[in-house]
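Subject: Structure handover and notes

Hello,

Please find the structure below. My notes on it follow.

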Amino acid sequence: MEVLRVVGGSPLRGEVRLTGAKNSVLKLMAATLLAPGTSTITNVPDILDVEIMAELLRRLGCEVGHDVPSSSLVITVPERPDHRADYDLVRRMRASVCVLGPLVTRLGAADVALPGGDNIGSRGLDMHIDGLRRMGAQVTSEHGYLLAQSEGRLTGASVWLDFPSVGATETLVMAAVLADGETVIDNAAREPEIIDICTMLQQMGAAIDGVGTSTLTVVGVDALNPVQHETVPDRIVAGTWAAAAVMTRGDVTVRNAHAEHLSIALEKLATCGADIDVLPDGFRVSMDRRPQSVDIVTLPYPGFPTDLQPQFIALNAIADGAALVTENLFEARFRFVQELARLGADVRTDGHHALVRGRSCLSAAPVEATDIRAGAGLVLAGLVAEGETTVYGVGHIDRGYAGFVPSLEALGADVRRDVVSDR
Ligand code: EPU
């Protein structure tokens, strides 16, 4: 079993270059299913989840070539892909569910294993299902699979989402682009990753209005074309580096980033006392003293991202003062604070609030990452803890952070991968 050994105490200094967002590229890959032929996606992160999605597309009959040095994926989609996403892949990556919309709209059938909940929450699919039903699909669940079917094309419909769900917005936009007539999705998500997929779909020939707003209007077309598209940079990885720079009292320049996708997080870091310079191709974050604690409330974009909540709890754990962190998206995302407590953090949770009282230092211990962002938060805490922290569950971090350890080393961190026998 692999672990990360992190020795605290070195400030991070230097430059990192982002690749594309995990939470965009997986959906872009699924969207290629909408057009037969060869599509190319660039700025692709070299992460485990991309490999899992590539495997899923291959099982659906696509050819997928991943050229890691050039960060590109070449996907050739057949005239008639298969329509079944098996449990063995969906259980490894719940984002596999994003093939549901493209398959049902293009083939009139999709059998997708139900992903179930995970370590951050229950993660329902009701809004995906309700929306597809409004568009005329019959959706049932049997033997652990969602079965979506439609006789002929889906039909455009008005859909009002109870919550601006990223996944439901993506499923419904992908379904609507080939449906018959107009679909209006109200209370749609507005994340940069939603803009990215809508832009790619437009390049493929889709008619989508209101991109970047909470009302998306889609007029279905008969067919779409393959495309070449560059993935939007990963704002969560960017925010992770920014928090790490502040925690370690370092100076990190993040290149190929869109600072405007991270406005609230960077403002929060400025409140902590950091210097933030926005650059034409990214930003620079530097810090020369112990950060001040800062309150956080997670909300759909443009609010503070839930995917940076664990990293900012880690930051608050060593900050001067107390902070109230409110998690509004995933009810179980605070589970990781039990691991952070092993490093000496003082965090008390009550429902969806966490009170973090900053300590002047943390002390190294073995800890277990339970999801991607919890893993990132624990590594950040390890970077400032006294002694050597061993982070288990590295596979979670590999799912979302491309070249994390080499980048940390290049910035001056004392960190390495190690193999230990199973506990
Ligand atoms: N929800 C429902 N019913 C639905 C859909 C969502 O109840 O039909 C609930 C969820 O349970 C959750 C909330 O709505 O409580 C928000 O879920 P959303 O659909 O917006 O999230 P997602 O699409 O499942 C994506 C990212 C997450 C990120 C969230 C929020 C991917 C693959 N995942 O999830 O990323 O936290 O949006 O921004 O895009 C991560 O990268 O670590 C991660 C968890």
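I start with the cavity. The residues lining the largest cavity are A21, K22, N23, E193, D234, R235, I236, D307 and R373. Two elements, α1 and α8, each give two or more residues to that lining. The volume of the largest cavity is about 50 Å³, and the count of cavities of 30 Å³ or more comes to 1. Please keep in mind that this is a predicted model.

Helix α7

One of the lining residues, E193, is also among the buried residues of helix α7, together with P192, I194, D196, I197, C198, M200 and L201. The cover over the buried residues of α7 includes the helices α1 (22–31), α6 (166–176) and α8 (235–247). It also includes the strands β12 (207–209), β13 (215–219) and β14 (228–230).

The length of α7 can be checked. The helix runs over residues 192–203, 12 residues in all, and at 1.5 Å a residue these should span 16 Å. After α7 comes G205, which has a positive phi, near 115°.

Strand β15 and its partners

Strand β15 (residues 251–255) is mostly covered, with 4 of its 5 residues buried. β15 pairs with strand β2 (residues 13–17) in the parallel sense over 5 bridges; here G14 has V252 of β15 as its bridge partner. With strand β17 (residues 282–286), β15 pairs in the antiparallel sense, again over 5 bridges. In that pairing the bridge partner of R255 is G282 of β17.

The sheet of four strands

An open sheet is formed by 4 strands in the order β18-β19-β21-β20, with mixed pairing. Its edge strands, β18 (296–297) and β20 (346–350), each pair on one side only. β20 is joined to β21 (residues 353–357) by an antiparallel pairing over 5 bridges, in which D346 has R357 of β21 as its bridge partner. Helix α10 (residues 309–317) lies across β18, β19 (322–326), β20 and β21. The angle between α10 and β21 is about 30°.

Regards

Technical notes. Residues are numbered from 1 along each chain as its sequence is written. This is a predicted model: local features need pLDDT of at least 70, side-chain atom pairs count only at pLDDT 80 or more; totals for chains, interfaces and linings use all residues. Side-chain values use heavy atoms; hydrogens and water are left out. Two strands pair if DSSP finds at least two bridges between them. Contact means heavy atoms within 4.5 Å. Axes are lines fitted to C-alpha atoms, for helices over the stretch in contact, and angles run from 0 to 180 degrees between N-to-C directions. Buried means under 20% relative accessible area, exposed over 50%, partly exposed in between (1.4 Å probe, protein chains only). The expected span of a helix is 1.5 Å times one less than its number of residues. On a 1 Å grid over the protein atoms alone, a cavity is a set of points where a 1.4 Å probe fits but cannot get out, and a pocket is an open set with protein on both sides within 12 Å along at least five of seven lines; lining residues have an atom within 4 Å of a point. Grid points are joined across faces, edges and corners, and a volume is the space filled by probe spheres set on the points.
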